[in-house]
Amino acid sequence: DTKIRIGIVGYGNLGKGVESAIAQNDDLELAGVFSRREPGDLKVNSNAPVLRLNEIEKHVDDIDVLILCGGSKNDLPEQGPALSKLFNTVDSFDTHAKIPEYFEAMDASARPNGKTAIISVGWDPGLFSINRLYGESILPEGATYTFWGKGLSQGHSDAVRRIEGVKGAVQYTIPVESAVDKVRNGSQPELTTREKHTRECFVVLEEGADEAEVERAIVTMPDYFADYDTTVNFITEQQLKEEHSAMPHGGFVIRSGKTGEANNQVMEFSLILDSNPEFTSSVLVAYARAAYRLNKSGEAGAKTVFDIAPGLLSPKSAAQLRKEIL
Ligand SMILES: NC(=O)C1=CN([C@@H]2O[C@H](COP(=O)(O)OP(=O)(O)OC[C@H]3O[C@@H](n4cnc5c(N)ncnc54)[C@H](OP(=O)(O)O)[C@@H]3O)[C@@H](O)[C@H]2O)C=CC1
Ligand SMILES: N[C@@H](C[C@H]1CC(C(=O)O)=NO1)C(=O)O
């Protein structure tokens with residue numbers, strides 16, 4: 001039977017990850033890679049066509065779902081609403097404070113055009129969000145904590161790279177050990193954002209850029225760094241390439257609560273990621289399958305992971321799932 005035809009928008013870490021994730025799923029095929037750069041400038045790993053993003057309208061009949069792999073800071077707020085008018089889309093929008101407004105914008109674009117747009121897919125937001133929801137729904141009397149890293153946050157790294165004068169950058173998220181210990185010993189501490197994680201950036205400056213100015217732009221950046229203790233290190237392009245090319249990450253969501261007589265009921269979901277982008281891309285690809293099925297069943301408009309029945313993620317039929325893993 002026919003494969004689900006996927007388009008990639010934006011060929012960065014996520015774009016490359018989606019390309020490899022599609023190759024692991026027999027019911028999906030890569031119909032094209034769309035970029036704002038010149039196709040000739042991109043070295044794409046598969047033999048899929050590389051096309052100009054500004055010509056994507058020509059391909060509305062060749063693509064079932066677009067996976068939007070742009071950055072959340074600047075790309076998705078503009079690309080998401082523009083593309084979800086024409087295509088079913090899945091994206092990893094992760095500026096948490098802005099998710100409600102992004103949802104409204106995506107719904108206003110997708111719904112009137114009969115398109116389905118699943119937003120904020122990945123692990124946080126995404127799988128961690130689902131586990132936070134399970135935790136507070138199942139253990140109403142309790143406390144939820146989320147810890148990330150130590151690892152490379154792609155959203156924060158992208159946000160730093162967008163600053164005027166920055167040539168390259170990575171950002172590591174570091175959990176505060178004493179905070180993790182308090183949570184693990186079940187004392188359900190009150191912790192501010194600043195008490196849970198610190199952030200460390202490694203930045204390569206453009207010629208002539210001012211260190212103090214770039215550092216200030218980073219540490220005061222709303223939604224990304226302003227609520228954290230952040231350190232900024234300036235390094236060479238060589239060092240960035242040699243010492244900061246790996247993108248490991250991970251973390252866990254923990255809900256500790258009480259039920260009737262029992263005082264210490266704990267739910268935990270954790271990730272240990274060799275490659276943050278490749279894992280995130282694998283989540284995006286499973287939700288692209290769901291977007292396709294939802295659209296086929298007439299479910300248009302914006303959705304979050306909270307709205308997606310888990311069975312829709314699997315290539316197996318509902319009957320097979322009942323038989324094999326229920
Ligand atoms: N929800 C979640 O759990 C997660 C969400 N994310 C989100 O994914 C977003 C994308 O992350 P990531 O893929 O690492 O971002 P990248 O910086 O790798 O890519 C972002 C965009 O920049 C452009 N680009 C990439 N490489 C180059 C280059 N060498 N020269 C010029 N332009 C380039 C591409 O667009 P084009 O091809 O059009 O030029 C690409 O779509 C993050 O901002 C984050 O918000 C990431 C991980 C987890
Ligand atoms: N969206 C994050 C995924 C996780 C990692 C993270 C962080 O380190 O702050 N928050 O959420 C990413 O872009 O990597």
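The model is predicted. The sheet has 4 strands in the order E8-E9-E10-E11, and the largest nonpolar core has 33 residues.

**Sheet**

- Pairing in the open sheet E8-E9-E10-E11 is mixed.
- Strands E8 (151–152) and E11 (229–234) each have a single partner strand and stand at the edges, so one side of each is left without a neighbour in the sheet.
- Strand E9 (residues 166–175) pairs with strand E10 (residues 197–205) over 9 bridges, in the antiparallel sense.
- Within this part of the sheet, Thr173 stands opposite Arg199 in E10.
- Helix H8 (residues 211–219) packs on the sheet and touches E9, E10 and E11. The direction of H8 makes about 150° with that of E11.

**Largest nonpolar core**

- Val90, Ile118 and Tyr287 are the residues with the most contacts inside the core of 33 residues.
- At least two residues of this core come from each of these elements: strands E1 (4–9), E2 (28–35) and E4 (65–68), and helices H1 (13–22), H4 (127–138) and H10 (276–296).
- H10 supplies the largest share of the core, 9 residues.
- Leaving aside residues up to four places away in sequence, Ile118 touches Thr89, Val90, Asp91, Tyr287, Ala290, Ala291, Leu294, Lys303, Thr304 and Ile308.

**Another core**

- Another core, of 19 residues, lies apart from the largest one.
- Val9, Leu68, Leu83 and Tyr102 are among the residues of this other core.

Terms used: Residues are numbered from 1 along each chain as its sequence is written. Chains are lettered from A and ligands numbered from 1 in the order in which they are written. This is a predicted model: local features need pLDDT of at least 70, side-chain atom pairs count only at pLDDT 80 or more; totals for chains, interfaces and linings use all residues. Side-chain values use heavy atoms; hydrogens and water are left out. Two strands pair if DSSP finds at least two bridges between them. Contact means heavy atoms within 4.5 Å. Axes are lines fitted to C-alpha atoms, for helices over the stretch in contact, and angles run from 0 to 180 degrees between N-to-C directions. A nonpolar core is a set of buried Ala, Val, Leu, Ile, Met, Phe, Trp, Tyr and Cys residues joined through side-chain atoms within 4.5 Å. Buried means under 20% relative accessible area, exposed over 50%, partly exposed in between (1.4 Å probe, protein chains only).
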